[in-house]
Amino acid sequence: MATVIDPQHDSDASPSAAEANADLKAQIEATTPWNDSGQSGKFGHQLAMAIAVVGPFLGFVSLIACCWIYGSMNAFYLALLIGGWVLSGLGITIGFHRLLSHRSFDSFRWVKAMWMAFGALAVEGSPIMWCAIHRKHHQFSDLFGDPHSPRLHGNGWWNAVRGFTYAHTGWLFSGLWRSVDSEKYVPDLLEDKLLVAVDKVYYLWVLASLAIPAAIAGIVMQSWMAVWLGFLWGGLARIFLTHHITWSINSICHIFGSREFEAGDESRNNLLFGILGHGEGWHNNHHAFPTSARHGLRWWQFDLSWYIIRTMQMVGLAWDVRTPSARAQESKRLSCS
Ligand SMILES: [Zn+2]
Ligand SMILES: [Zn+2]
């Protein structure tokens, strides 16, 4: 049985590296504008962040509205867009994240492979590499070594914007995809030949991700224009939407929102991305209890991924489903929450 990194407890950082990280983190904490105690540049920072966060979504909704008026968008293409987003998004949240990265529940190998394939349709990179990078994120969360922390770019609003853009998309251009040690981070996934096989044909999933909505639209609407619009709305636009929601978990959910638990990092619970991210926006809960299959720990914290995992459990498709006990939650609850 391969050794698996437990991101919550295991760290290969030496004590001196950990101390250096802690010192640096304390310095950043003391001076960054989003820190509650630091006021300098707060308005400018928040305005820039608000534009960066809300802008692409407003632009996207406006594009849909415009195209609706001019006839290149309608209820059918909207259903294609939303259906594809929910299915591939759940492939990321249930498949890549809770099942494969954190092993928060177990299932049949074919079920694992199926969720992995749905996740691959989101076009967020090789599934096995995605999981390796994600385990590394938990191991070094908001410390040097974290692949996509928004918290490590220094003081002032401009550096805060740099940190945000790096966490959101910038890190994707860093070459990290090629350098993460998958033997170290995901030996358990590499042992499963079926999962490796699904991963190996990743580029076929990318092609399928674009071809399937185009084909569905062509068959239903019986025109070449429909093939093109199916490709645009069900393919490219849906990938855009899913990408920005996933990336927002890395950027926004380490900056904006509330903290209910001590997680040892700057993760936040964010209602908007709890809803848009199929439950992933309850990110402080998740960092406090990384192996929990349930992220929305309160009844009102909407967590679509958890409802589906719970349903899978009830029909015998999921077992060893892990959730934190009430005592475990109490032990990490922050006194102010
Ligand atoms: Zn995180
Ligand atoms: Zn995680």
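## Terms and model

A crossing of two helices is left-handed if the near helix is turned anticlockwise from the far one by less than a right angle, and right-handed if clockwise. This is a predicted model, in which local features need pLDDT of at least 70 and side-chain atom pairs count only at pLDDT 80 or more, while totals for chains, interfaces and linings use all residues. Residues are numbered from 1 along each chain as its sequence is written, and chains are lettered from A and ligands numbered from 1 in the order in which they are written.

## Overall make-up

The protein chain has 16 helices and zero strands. Both are DSSP runs numbered from the N terminus: helices are H or I with at least four residues, strands E with at least two.

## Helices H11 and H12

H11 (residues 202–221) and H12 (residues 224–251) pack at an angle of about 145°, their axes 7 Å apart. Axes are lines fitted to C-alpha atoms, for helices over the stretch in contact, and angles run from 0 to 180 degrees between N-to-C directions. H11 passes H12 in a right-handed crossing.

## Helix H10

In H10 (residues 193–200), Leu195, Val198 and Asp199 are buried (20 or more other C-beta atoms, placed from the backbone, within 10 Å of the residue's own; exposed means 12 or fewer, partly exposed in between). These buried residues line one face, because they fall within an arc of 100° seen down the axis of H10; the arc is that of the directions from the helix axis to the C-beta atoms. The face turned away carries the exposed residues Lys193, Leu194, Ala197 and Lys200.
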